[in-house]
Amino acid sequence: MKSASTIACLGLAVFACVGASAPPPPEVRPVRTVVASASTEGEPVSLTGHVRARTEENLAFRIDGRMISRKASVGQVVQPGDVVAEIDPQPQQDGLHAAQAQNEAAQAAVHEAANTLERQRTLLGQGWTTRAQFDAAERAFLNAKAQVDSTAAVLHTAQDQFGYTKLVADAPGTVIATGAEAGEVVRAGQTIVTVAHGDGADAVFDVPASLMRQVAPDASIDIALTDDPSVRAVGQVREVAPQADPVTRSYRVKVALSAWPKAMRLGATVTGQTHMQVASGIELPATALTTAGDRPAVWIVDGKTQQVSLRTVDLLRQDSSRIVISRGVESGEIVVTAGVHALRPGQNVRLLGASR
């Protein structure tokens, strides 16, 4: 039978063996990372817009009246000089006849006044009339002559008014909208038809203010039909609205299409794509961003020890998908992009996709 001292020795030996066992290995957390690098090309950006004619002209009558015919319909091609619509010419024709009669009467009056003035000049030379009578005849002649000039101006206006009863196209194009039908009483300036000129087309986009600052004004824009991306064109920014839309707070931008494929019909939905200006810092996914106190920060992985450290950074730009760091990260460093909220300084990590 073993003695008590022997049993005690065995117990101490077992306790010593248990106490000398190795500590548990440190926790290794898997993370996703990227290698920081300076951008050589700006981030691509695309927007949806539509095709519009470069020049759209609203044709309207210059006078009020009842429209008796509209000769152009949507889709019809018009040429300069084509009559698009007519209003009832009878009131203007009556005014023209009245102006012609007034002008003819004024011309007859000036002829009579001229004869009277000539007789008074002869009688004055012979002493058979007074100077006052001659002056009165001369004054009557000048008044009659002025009346001729006045009625001639009225006649010219009446002729113009009569000509305004026909609405004539002044440039080639295609009718894309109508604003009135025959039989309606229209006002001066009311749109009768809208004509899209054949001088080219624009791709029109509503661009957020943030993109306006990040895309170069002279950037080339790749345009493609939304329902058929194989139909493509290249354009340059032709016009930028100087003021934002009061509702959407976006800016209307027109991109001139250098080659206008016929498949890009007016009104078609298109997608425009270009690249932002190259960022001057390090561009990373927005998921890499965390905070250290009240400052933005990112987790940096030591390539040798596979441990992470938290480093504060200065942000140049930030949006929902990307951040641009101006100071705090150098090219070639490994930055954690997923799992940033479950890390602590000095923690060992395993890069997903890498061996243990």
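Which residues line the second largest pocket? Keep that in mind while browsing these close-ups. The model is a predicted one, in which local features need pLDDT of at least 70, side-chain atom pairs count only at pLDDT 80 or more, and totals for chains, interfaces and linings use all residues. Residues are numbered from 1 along each chain as its sequence is written, and side-chain values use heavy atoms, with hydrogens and water left out.

**View 1. The second largest pocket holds about 260 Å³ of space.** Its lining is made up of A53, T174, A196, H197, G198, W260, K262, M264, R265 and L266. Sorted by class, that gives five nonpolar, three polar and two charged residues. (Ala, Val, Leu, Ile, Met, Phe, Trp, Tyr, Cys and Pro count as nonpolar, Asp, Glu, Lys and Arg as charged, and the others, Gly among them, as polar.) A pocket here is an open set of points on a 1 Å grid over the protein atoms alone, where a 1.4 Å probe fits, with protein on both sides within 12 Å along at least five of seven lines; lining residues have an atom within 4 Å of a point.

View 2. Of its 18 lining residues, V207, V215, I221, V237 and V253 sit nearest the centre. The elements giving two or more residues to this lining are β2 (44-53), β11 (201-208), α4 (209-212), β13 (232-240), β14 (250-257) and β15 (269-275). Here the lining has 14 nonpolar and four polar residues, and no charged ones.

**View 3. Helices α2 (residues 90-126) and α3 (residues 131-163) pack together.** Helices are DSSP runs of H or I with at least four residues, and strands are E runs of at least two. The axes of α2 and α3 lie 7 Å apart, at an angle of about 160°. The two helices are therefore roughly antiparallel to each other, a label for angles over 145 degrees. Their contact involves 20 nonpolar, 14 polar and four charged residues.

**View 4. Three strands form an open sheet in the order β16-β21-β20, with antiparallel pairing.** Two strands pair if DSSP finds at least two bridges between them. At the edges are β16 (282-285) and β20 (314-318), each pairing on one side only. Neighbouring strands of the sheet are turned by 35° against each other on average, direction ignored.

**View 5. Strands β20 and β21 (residues 322-327) run antiparallel, joined by four bridges.** Look for Q318, whose bridge partner in β21 is I323.

How values were computed. Axes are lines fitted to C-alpha atoms, for helices over the stretch in contact, and angles run from 0 to 180 degrees between N-to-C directions. Angles under 35 degrees count as roughly parallel, over 145 as roughly antiparallel, 65 to 115 as roughly perpendicular and the rest as oblique. Grid points are joined across faces, edges and corners, and a volume is the space filled by probe spheres set on the points.
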